[in-house]
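Reader: I have the sequence and the coordinates open. Let us go through them in questions and answers.

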Amino acid sequence: MSDAPYLSLEKLTLAYGKSIAVENLDLTIRKGELLALLGPSGCGKTTTMRSIAGLMPVKSGRIVLDGKDITRVSANRREIGLVFQSYALFPHLSVFENVAFGLRLQGMSGAALTEKVDTGLRTVGLSDFSARKIPELSGGQQQRVALARSLVMKPKVLMLDEPLSNLDARLRLEMRTELQRVQKESGVTMIFVTHDQVEALALADRIVVMRNGVIEQIGTPEEIYNKPASSFVADFVGFENIATVVGNKLVGSAGEVTCPATLPNAAGLAWRPHAVPLGSGPYRGTVRGVSYAGSSREYVLETPLGPVKTEVDAALPTHQIGTELAFDLPPEAAAPLRKIG
Amino acid sequence: MFQNRTEALALALPAALFAAIVFLVPVAILLSEGFRTADGWSIQAYIDFFSMPLNQKVFLRTLRLGLTVTFVAAIIGYAAAYAIVTLPPSSKGKMIGLVVLPLMISPVARTYAWIVILGRTGIVNQALMTVGLTDGPVRFLFTETAVFIGLLQLFLPLMIISLISALENLPRDAVPAARVLGANWFQVFWKVLLPLTREGLVIGGTLVFTGSLTAYITPAILGGSKVLMLETLLYQQVTVANNFVSASIIALILILMSFAANILLRRIASARNSK
């Protein structure tokens, strides 16, 4: 992986008719990197991906790949691979012919073609399936065919749209390791789109969190997970308790509390449920919900700030609904946020 | 559901008898007319029929018009259907409504409208003369072109509707997938769209071709006796010439042409699909 930018999006603005989907997006991707575009549906991540592939016209800005401006290059000349969320296989062709599709368009045939297709199918573990028809395959197998079909083209960048969302839990885990292996073996620069933070954290070298068509934060999985820049990112990666900092007060959705300790210089603070101690502390709340989660027990407290979620050891005695309890929101256990809202 | 086959057959008997008496028997009698001579059966009438230059001409014209109307309808119908399918849902519904609308108007009314448009003092001639492309009115009516236009207009909606439903059933993102894999638009059409919509093309093609062969009103009004087609010739043979032998022969030719078109198109479709 080199540090020089391989793919750059410069002030990219994309629109469907009059409605702006992505605005002024700047992003650089290094060669060999595995990058995740993470965000809720409608945040512009898939639109961004389609524009890189040339399937979505660019309203303004530039896309530069390997030193070449490809903003106006048509989709069939970009040398970019895309595995669609629906896989988009050709049902009238066999597995072999699906994988051979792009190679045949390049004029390849005979033994050279067979060898490339066989290698591609072997990479995704489908060597014995080349004569099969597409409708005979399971969802996971179809996705592997789609992956092989893109890989054999040796694209400069391989993109995957929600690669794991259509698979069941067991297959998802399998495919995750598979994708990582394929990426490391081929060294291909890979971008994948997901709305699932677990997927992004597990797979990516770097994560781009998007919201309403703009980038909210870019960072390594550790940075995104531990140091979310904004309340949006914090909420997305499981910080369920978020408060705004005003002087020495914490402001929540329902009201505010005064903090006896000194608050750090931040727009807000965020705590994961396990960072909120129950049974001691300067604040009081009433238990409104209890749920058992194996090793731990989760409580929802009604507090002056609004609902607060905590998670404590399941071995501790259970508190009944309606009990009033002390709790703490220790500033040193919180992630400081630069931006709220 | 039934205790035995006899019960089921008994229920179907009235309908079967009715169809046999009012359809099959008359058709059999009519068709046998062409093979009957004073002293037995022979195909002499068919040889006589096809040795007449007028009949040859009418047969070839019918075949030619049927094929060209189907071919042109397929090309412009495909473009229209693709455009409509890519529209956003709200305008898509409106456009499909516009395509279907002519089917709700009587073919007689639609064909007479062409007289207003193509006649000596019709819109087309007036426009041509105003622009100065011609000095006098051009004759459109009672030409093969007029019949072609009339038939195309009449049957194009059937082709478009068949192709829309075929295109709607395309796998999502199949076209963008082909693009990203390096296909230009011609290759996208040839390698992805066409094979995946062949079924719709066969259905549309069969409807347009058999429709064009068997249409009576349009060739009668726009072609008249100058541009006879098999259907108008048949009518003429029965009502004017009282020649039931010729009528019988034409009827059989029309039936065979429809069957042949259907079988041929289905053969093409299944051959490509099983590849």
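Reader: Which residues of E3(A) are buried on one side, and which on the other?
Author: This is a predicted model. Strand E3 of chain A spans residues 34-38, and five of its five residues are buried, so the strand is largely enclosed by the rest of the structure. Both faces are covered. On one side the buried residues are A:Leu34, A:Ala36 and A:Leu38, and on the other they are A:Leu35 and A:Leu37.

Reader: In E8(A), which residue is the bridge partner of A:Leu37?
Author: E3(A) pairs with strand E8, residues 189-194 of chain A. The sense is parallel, over five bridges. In E8(A), the partner of A:Leu37 is A:Val193.

Reader: Which residue in E9(A) stands opposite A:Leu38?
Author: Strand E9 of chain A covers residues 206-211. E3(A) and E9(A) run parallel, joined by four bridges. Opposite A:Leu38 stands A:Val209.

Reader: Against which helices do the buried residues of H2(A) pack?
Author: Helix H2 of chain A covers residues 95-105. Its buried residues include A:Val95, A:Asn98, A:Phe101 and A:Leu103. They pack against two helices of chain A, H3 (110-123) and H4 (139-151).

Reader: Which residue just after H2(A) takes a positive phi?
Author: Look just past the end of H2(A). Phi there is about 90°. The residue is A:Gly107.

Reader: Is A:Ala88 buried or exposed?
Author: A:Ala88 lies in the loop between strand E6 (80-83) and H2 of chain A. Its phi is positive, about 50°, although it is not a glycine. A residue counts as buried if 20 or more other C-beta atoms lie within 10 Å of its own. A:Ala88 has 25 other C-beta atoms within 10 Å, so it is buried.

Reader: How many other C-beta atoms lie within 10 Å of A:Asp66?
Author: A:Asp66 is in the loop between strand E4 (60-65) and strand E5 (68-69) of chain A. Its phi is near 55°, a positive value in a residue other than glycine. A:Asp66 is partly exposed, and its count of other C-beta atoms within 10 Å is 13.

Reader: What percentage of chain B contacts between residues at least 6 apart in sequence join residues at least 24 apart?
Author: Chain B has 275 residues, and 32% of them are buried. For the contacts you ask about, the share is 73%.

Reader: At what angle do the axes of H5(B) and H7(B) cross?
Author: Two packed helices are described by the angle and the distance between their axes. H5 of chain B covers residues 107-118, and H7 of chain B covers residues 144-168. H5(B) and H7(B) are oblique to each other, and their crossing is right-handed. Their axes come within 11 Å and cross at roughly 135°.

Reader: How do the residues of the contact of H5(B) with H7(B) divide?
Author: From H5(B) come B:Pro107, B:Arg110, B:Thr111, B:Trp114 and B:Leu118. They meet B:Ala146, B:Ile149, B:Gly150, B:Gln153 and B:Leu154 in H7(B). The residues of this contact divide into six nonpolar, three polar and one charged.

Terms used:
Residues are numbered from 1 along each chain as its sequence is written. Chains are lettered from A and ligands numbered from 1 in the order in which they are written. This is a predicted model: local features need pLDDT of at least 70, side-chain atom pairs count only at pLDDT 80 or more; totals for chains, interfaces and linings use all residues. Axes are lines fitted to C-alpha atoms, for helices over the stretch in contact, and angles run from 0 to 180 degrees between N-to-C directions. Angles under 35 degrees count as roughly parallel, over 145 as roughly antiparallel, 65 to 115 as roughly perpendicular and the rest as oblique. A crossing is left-handed if the near helix is turned anticlockwise from the far one by less than a right angle, and right-handed if clockwise. Two residues are in contact if their C-beta atoms, placed from the backbone, lie within 7 Å. Ala, Val, Leu, Ile, Met, Phe, Trp, Tyr, Cys and Pro count as nonpolar, Asp, Glu, Lys and Arg as charged, and the others, Gly among them, as polar. A residue is buried if 20 or more other C-beta atoms lie within 10 Å of its own, exposed if 12 or fewer, and partly exposed in between; C-beta atoms are placed from the backbone. Two strands pair if DSSP finds at least two bridges between them.
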